[in-house]
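Reader: Could you take me through this chain, starting with its overall layout and ending with a single side chain?

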Amino acid sequence: MLKRRQLLVSLLSTLALAACGQTIGGGGAGRLGPDGKPLPQLLRLSPADEGRLQLRMVDSVNALRQARGQAPVQLSAELNAAAATHARDMSVQNRPWHFGSDGSSPLQRAQRVGYRGQVLGELISETYENETETLAAWMADADTRNVLMQADVREIGFSFFQESSGKIWWCLVTGAGAGYGVV
């Protein structure tokens, strides 16, 4: 147990350090404010960043799941599409919540894009932070951490929508895959 905890702390530290480095979509040399602390920088993402962000997210989630003895996950194109749709829709609604502007649920959105597996959960965030900081925030909360660490999760979809103001709407959907429950 102690060894797993040390591994988890090490992985979270690595994620935190990675967040301090160069991020996809922008960055550059940081400037310091009058208090000596780094000034916040507006993270700019482009549609071209989406694939790299999705791969980094699945790698990070798999590292965290491995530290807890859970099976790895893979990206699902259908869950990615459902996540992208909801990220954009949250921006339109200007609120982070799990219902679409048409009243749809995560399950309905996944079915609409052809997902044949069982949807297990959805994580959402409204932030100016990058994907690594968003994942760290999800891992810091027991409820959202449990969505990612659930034993049955085999697939994830991950996407974002960035407003012109810089605000980023993140959505991650988890699923069990098409073979879930088949004996």
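Reader: What pattern does the protein chain follow along the sequence?

Author: This is a predicted model, in which local features need pLDDT of at least 70, side-chain atom pairs count only at pLDDT 80 or more, and totals for chains, interfaces and linings use all residues. Residues are numbered from 1 along each chain as its sequence is written, and side-chain values use heavy atoms, with hydrogens and water left out. Helices (H or I, at least four residues) and strands (E, at least two) are DSSP runs numbered from the N terminus. The protein chain has six helices and four strands, and read along the sequence its pattern is α-α-β-α-α-β-α-α-β-β.

Reader: Is Gln 93 buried or exposed?

Author: Gln 93 lies in helix H3, which spans residues 77–93, and, not counting residues up to four places away in sequence, Gln 93 touches Phe 99, Gly 100 and Ser 101. Buried means under 20% relative accessible area and exposed over 50%, with partly exposed in between (1.4 Å probe, protein chains only). Because its relative accessible area is 17%, Gln 93 is buried.

Terms used: Contact means heavy atoms within 4.5 Å.
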